[in-house]
Amino acid sequence: MEEVWTRALGSHSEGRCASSGSASEGGWGFGAVSGGTARARGAGLQRRRSGLRSDLRHMRMTRSVDNVQFLPFLTTEVNNLGWLSYGALKADGILIVVNTVGAALQTLYILAYLHYCPRKRVVLLQTATLLGVLLLGYGYFWLLVPNPEARLQQLGLFCSVFTISMYLSPLADLAKVIQTKSTQCLSYPLTIATLLTSASWCLYGFRLRDPYIMVSNFPGIVTSFIRFWLFWKYPQEQDRNYWLLQT
């Protein structure tokens, strides 16, 4: 589901916030979201491309991966591939297209990270672990669940739980924002994109009467409004504690 936490892929500034704790929504980007109307697809793709360009630009200019997290993009890849499989079972063309593009962008991101990362062994080990989990998952769903309807329901449930966890993971960083009274590490444009994307997917899931698509994107709406409240309560132009914290 778009990518969800939203990293997918998020802005580089949110990655800095998450570097001291769990990954922020910007980092996960909230990967590709499931389902999609044209509006949702456009918002999701714009969000992924924006985060991708930001971090790729940073890595290219610094020729390093400082302040750029790798694990969020692995989980977003899993999210994309899961919803891609769900779309294939459901014969949903738009869902397939959206998550195919998302998976391709995540693969590009992983290759770029691997190119600039000095500790390639750790990255390769994490990637190999991801591939192993994917193979086990596909083996279970395609070999041990022969009934197509049961396979669709179980895969939809897995994708929904995984997507919801990605949406809720940045809550730890939101708690840090409240503690420091600083929204310096949050991205306002990304928050708007998350809200529009999540709302579009919820509407799409409602139109299809698909609870997996609808329910899994609802947390994105909730977390977006929480972010808006934080932006209102702690305006960035009045942000001083953040700089004091950095010193």
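**Close-up views of side-chain packing in a predicted model**

Phe 231 is buried, with a relative accessible area of 10%, where buried means under 20% relative accessible area, exposed over 50% and partly exposed in between (1.4 Å probe, protein chains only). The model is predicted, so local features need pLDDT of at least 70 and side-chain atom pairs count only at pLDDT 80 or more, whereas totals for chains, interfaces and linings use all residues. Residues are numbered from 1 along each chain as its sequence is written, and side-chain values use heavy atoms, with hydrogens and water left out.

**View 1. Tyr 188 and Phe 231 form an edge-to-face aromatic pair.** The ring centres of Tyr 188 and Phe 231 are 5.1 Å apart, with 75 degrees between the planes; rings of Phe, Tyr and Trp (its six-membered ring) pair if their centres lie within 6.5 Å, and planes under 30 degrees apart count as stacked, over 60 as edge-to-face and the rest as tilted. Because Tyr 188 lies in helix H9 and Phe 231 in helix H10, the pair ties together parts that are 43 residues apart in sequence. Tyr 188 counts as partly exposed, at 40% relative accessibility.

**View 2. Phe 70 and Tyr 113 form a tilted aromatic pair.** A search of the whole structure finds nine aromatic pairs. In the pair of Phe 70 and Tyr 113, the ring centres are 4.8 Å apart and the planes stand at 35 degrees, so the pair is tilted. Phe 70 lies in the loop between H3 and H4, while Tyr 113 belongs to helix H5, and both residues are buried.

**View 3. The largest nonpolar core has 19 residues.** Such a core is a set of buried Ala, Val, Leu, Ile, Met, Phe, Trp, Tyr and Cys residues joined through side-chain atoms within 4.5 Å. The residues with the most contacts inside this core are Met 59, Val 65, Val 68, Phe 70 and Tyr 113. Helix H5 (93-116) is among the helices that each supply at least two residues, and H5 gives the most, with six; helices here are DSSP runs (H or I, at least four residues) numbered from the N terminus.

**View 4. Asp 210 forms a salt bridge with Lys 90.** The closest N and O atoms of the two residues are 3.1 Å apart, a salt bridge being a side-chain nitrogen of Lys or Arg within 4 Å of a carboxyl oxygen of Asp or Glu. Asp 210, in the loop between helix H9 (188-208) and helix H10 (211-233), and Lys 90, in helix H4 (residues 71-90), are 120 residues apart. Asp 210 counts as buried at 2% relative accessibility, whereas Lys 90 counts as partly exposed at 28%.
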